[in-house]
Amino acid sequence: MLKLNISGLNTTFSELKCSANYALIAPLDNQLIELTQSMLSNTSEHIFLLSKQVDIFFESDHSDHLHTLYDEGKLHPFNLSNDISFAKKRWFSKGILNELKEYTVIKNSCVMVHLSSDMFVDYKTEELKGQLTLYKNFSIAENATVVFLISGANNSDLRRQLLMFNDVIDGVVNMTQEASVYSLEYDFWHHSEGVIAAETINYQRKNNQLIVLTAEKDTSQAYGSSATNQDFDEDDVWLVKSAVPAGTKLPAYYKVIEDNDALYEHAFKMKAATLVFAVTRYTDLSLLARECFSLRKQCGRKLKLVIQNVDGVIRHQDECLFLTLGVNLILYSFSEPSRLLSQIQSIQGFQFSRPLPSSIDDVLKYSDSVLHKGYLPLSDFAKQVTKHSDSAANLGVSGVLVVLKLLPRIDAIHPLHLFHVKREGDIFSYVDGQVYLYLHACREHDVDSAIKHLFKLDIADFFMSKNVIADHFYIQQECRRLAREYQATQVPDYTEQLQENISYIFDGQTPDVATLSAETAEFRKVVRPVSMPIKVILKGEST
């Protein structure tokens with residue numbers, strides 16, 4: 001019997017019954033692919049895998065056993081049509097099922113259907129239920145298990161619809177990921193012993209295996225069940241001296257401490273207090289992130305951790321890193337003392353609710369993955385954007401793909417010379433009259449400002465249109481389309497011509513001044529004659 005192959009997961013949460021339909025929903029394809037590969041790692045059933053891009057299941061680092069299943073004749077992949085007009089026809093499900101019934105090994109098998117949530121947008125409620133009923137009847141007739149693998153930007157709307165179809169759908173699970181922690185949110189799930197509903201399971205990949213994360217014990221429980229004992233320091237606020245202007249009058253229960261290090265050492269005695277760290281241009285952000293994570297792990301979820309960004313040096317990716325590692329709130333230098341008090345008051349009594357990774361290194365591997373910048377050939381560009389987008393999505397970092405269409409009769413090399421990229425993670429490429437620009441850790445409303453910083457002139461002088469793709473799902477879909485359509489096409493490579501675009505980078509090597517000639521113009525001493533003073537008399541002035 002097929003199951004969700006996650007070590008430590010209770011049988012009732014992992015079992016997929018025969019003659020049943022299940023829906024696994026995730027925002028990105030890679031999350032579904034990883035879970036699917038784990039499900040198929042130890043199975044004896046025949047598997048029918050249907051997808052518009054079935055090749056992506058075989059391209060990852062953990063797909064060796066899928067190739068083995070295919071060689072053994074147990075895995076049957078089918079590439080569905082990429083034609084959107086065909087996919088949206090109301091009879092597409094019936095045609096697929098009729099073809100599957102022609103295979104004798106379809107009995108007692110598992111059928112996995114990988115779809116985009118966009119395909120369900122045009123369906124009305126009754127029409128969608130009719131399509132799902134076709135699969136339900138099919139699974140009963142063939143004693144098969146049908147698993148819908150659904151990804152896309154319209155998942156939330158589809159998820160609400162599927163909750164109404166519990167007579168034709170036997171289970172709905174929504175997948176999320178934050179850093180290295182995956183969450184399975186069970187809306188409902190039928191198994192051989194009954195039904196479970198409204199449950200959440202967290203798991204992580206370790207040593208190429210998916211393992212359930214055990215629930216963390218709340219350390220505050222050690223202080224008894226009484227609210228008075230448990231929350232004895234709930235109203236205490238400890239803040240670093242530089243977090244507020246000198247001379248600021250604070251409430252009596254606010255305690256001022258010298259610096260971040262002193263606050264960190266003192267904080268391990270706290271259980272539900274509020275701690276305000278200050279960040280300046282001299283602060284080691286990586287060290288502070290580790291300290292916040294350590295405090296969250298040690299002191300529990302009732303501790304409130306606040307970052308006051310004094311100099312405004314925290315960037316978008318840093319914000320997401322802090323929030324992932326246990327920080328409750330990030331404030332900025334424009335926060336006046338009175339607003340600081342109000343914002344701190346607004347989080348009193350709250351508990352940190354997001355899942356925490358087991359190790360900070362699991363998080364930093366995503367934040368450190370951005371290594372490329374500047375121009376890349378199209379194939380390398382598509383691969384790098386997909387990789388950067390995965391890392392960004394896991395940290396909650398925004399990223400945008402900007403498509404700029406060239407004006408007619410403009411040679412591509414000229415506008416490409418005007419792109420001067422300085423941030424790691426910002427990369428661009430060119431194909432068929434369009435420049436593709438990926439801006440890492442950039443929000444959609446900051447695109448125009450970002451382009452002004454890296455493009456020397458007005459983009460309207462060279463480009464007739466600008467299209468911004470801000471959702472990670474659509475970014476990755478576009479990159480796969482580029483890789484697929486231009487795989488066998490000769491695409492121009494401007495790497496050599498654009499070498500001078502990185503000439504502004506500072507060379508850290510010390511020049512060898514011993515070899516320089518003192519006779520060159522740079523070192524020649526120019527002697528100018530001493531000027532002679534001239535007496536000036538104004539008109540009408542007596543001598």
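I began with the contact between two helices, where Leu 378, Ala 382, Val 385, Thr 386, Ser 389, Asp 390, Ala 392 and Ala 393 in H14 meet His 472, Ile 475, Gln 476, Cys 479, Leu 482 and Ala 483 in H17; contact here means heavy atoms within 4.5 Å. By class I noted 9 nonpolar, 4 polar and 1 charged residues in the contact of H14 with H17, with Ala, Val, Leu, Ile, Met, Phe, Trp, Tyr, Cys and Pro counted as nonpolar, Asp, Glu, Lys and Arg as charged, and the others, Gly among them, as polar.

I kept in mind that this is a predicted model, in which local features need pLDDT of at least 70 and side-chain atom pairs count only at pLDDT 80 or more, while totals for chains, interfaces and linings use all residues. Residues are numbered from 1 along each chain as its sequence is written, and side-chain values use heavy atoms, with hydrogens and water left out.

Next I looked up the geometry of the pair: the axes of H14 and helix H17 (residues 472-485) come within 9 Å and cross at roughly 160°, the axes being lines fitted to C-alpha atoms, for helices over the stretch in contact, with angles from 0 to 180 degrees between N-to-C directions. H14 is therefore roughly antiparallel to H17, a term used for angles over 145 degrees. The crossing of H14 and H17 is left-handed, that is, the near helix is turned anticlockwise from the far one by less than a right angle.

Helix H14 (residues 378-395) lies across S16, strand S17 (427-431) and S18, running at about 30° to S18; helices (H or I, at least four residues) and strands (E, at least two) are DSSP runs numbered from the N terminus. The open sheet has 5 strands in the order S15-S17-S18-S16-S19, with mixed pairing, where two strands pair if DSSP finds at least two bridges between them. Strand S15 (374-375) and strand S19 (463-469) are at the edges with a single partner strand each, so one side of each has no neighbour in the sheet. Strands S16 (residues 399-406) and S18 (residues 434-440) run antiparallel and are joined by 7 bridges, and I found Tyr 438 in S18 as the bridge partner of Leu 401.

Last, I checked another open sheet of 5 strands, ordered S11-S10-S12-S13-S14 with parallel pairing. Its edge strands are S11 (254-257) and S14 (329-332), each pairing on one side only, and the twist averages 20° from one strand to the next. Strands S12 (residues 274-279) and S13 (residues 304-309) pair in the parallel sense over 6 bridges.

Notes: Parallel < 35°, antiparallel > 145°, perpendicular 65-115°, else oblique.
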